[in-house]
Amino acid sequence: MAETKARGGIAKPVTPSAELAKITGSAPLPRSEIVSKMWDYIKKNNLQNPANKREILADATLKPIFGADKVTMFEMNKHIAKHVK
C-alpha cells in the first residue's frame, strides 16, 4: 500500500513575494517556516514594542509587508498571506 502524504494548509510550500523573500529567502517554504523566520527576524532586530510585546514595530524591511508602522502578532499572518503564492 503506497503511503500518500497530504501537504495542504500550513504545511504546503508557498512562494514568498520579493518583499517577503528579503527575510525568508526566495525558495518555496511551508507557511509555518515563513512565520518562524519572521519571528527570528523580529527578535534578532528587536522589533517587538517593549511596552506591548504583542505589537511588532515595522522597520524598512517589514513595512512593505505590513503596510503599516506596527501590527499585532495576531495580524501578522493576515499580512503574510498577501505575500505568498
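A residue is called buried here when its relative accessible area is under 20%, exposed when over 50%, and partly exposed in between, using a 1.4 Å probe and protein chains only. The model is predicted, so local features need pLDDT of at least 70, side-chain atom pairs count only at pLDDT 80 or more, and totals for chains, interfaces and linings use all residues. Residues are numbered from 1 along each chain as its sequence is written, and side-chain values use heavy atoms, with hydrogens and water left out.

The protein chain has 85 residues, of which 34% count as buried. Its C-alpha atoms fill a box of roughly 55 × 25 × 20 Å, taken along the principal axes. The accessible surface comes to about 5,600 Å², and carbon and sulfur atoms hold 53% of that surface; such areas come from the Shrake-Rupley method with a 1.4 Å probe, and for residues only the protein chains shown count as cover.

Four helices and five strands make up the secondary structure of the protein chain. Both are DSSP runs numbered from the N terminus, with helices (H or I) of at least four residues and strands (E) of at least two. Along the sequence the pattern is β-α-β-α-β-β-α-β-α. Contact means heavy atoms within 4.5 Å. Among contacts in the protein chain with a separation of 6 or more, 30% are between residues 24 or more positions apart.

Three of the strands form an open sheet with the order 3-4-5 and antiparallel pairing. Strand 3 and strand 5 (70–72) are at the edges, each with a single partner strand, so one side of each has no neighbour in the sheet. Two strands are taken to pair if DSSP finds at least two bridges between them. Strand 3 and strand 4 run antiparallel and are joined by two bridges. A hairpin also links strand 3 to strand 4, passing through two residues. N49 has N52 of strand 4 as its bridge partner.

E55 belongs to strand 4 (residues 52–57). Is E55 buried or exposed? With a relative accessible area of 16%, E55 is buried. Apart from neighbours within four places in sequence, E55 is in contact with L47, Q48, N49, K70, V71 and T72.

The next topic is the nonpolar core. The term stands for a set of buried Ala, Val, Leu, Ile, Met, Phe, Trp, Tyr and Cys residues joined through side-chain atoms within 4.5 Å. The largest such core holds 19 residues, and I34, M38, I56, L62, F66 and M76 touch the most other members. At least two core residues come from each of helix 1 (18–24), helix 2 (31–44), helix 3 (63–66) and helix 4 (73–81). Helix 2 gives the largest share, five residues. In soluble globular proteins, nonpolar side chains tend to be buried together. Setting aside neighbours within four places in sequence, M38 is in contact with L20, I23, L62, F66, M76 and I80.

H83 counts as buried, at 12% relative accessibility.

N46 sits in the loop between helix 2 and strand 3 (48–49) and is exposed, with a relative accessible area of 63%. The phi of N46 is near 50 degrees, a positive value in a residue other than glycine. Most residues other than glycine have a negative phi. G9 lies in the segment before strand 1 (13–14) and is exposed, with a relative accessible area of 56%. G9 and G25 are 16 residues apart in sequence, and their C-alpha atoms are 20 Å apart in space.
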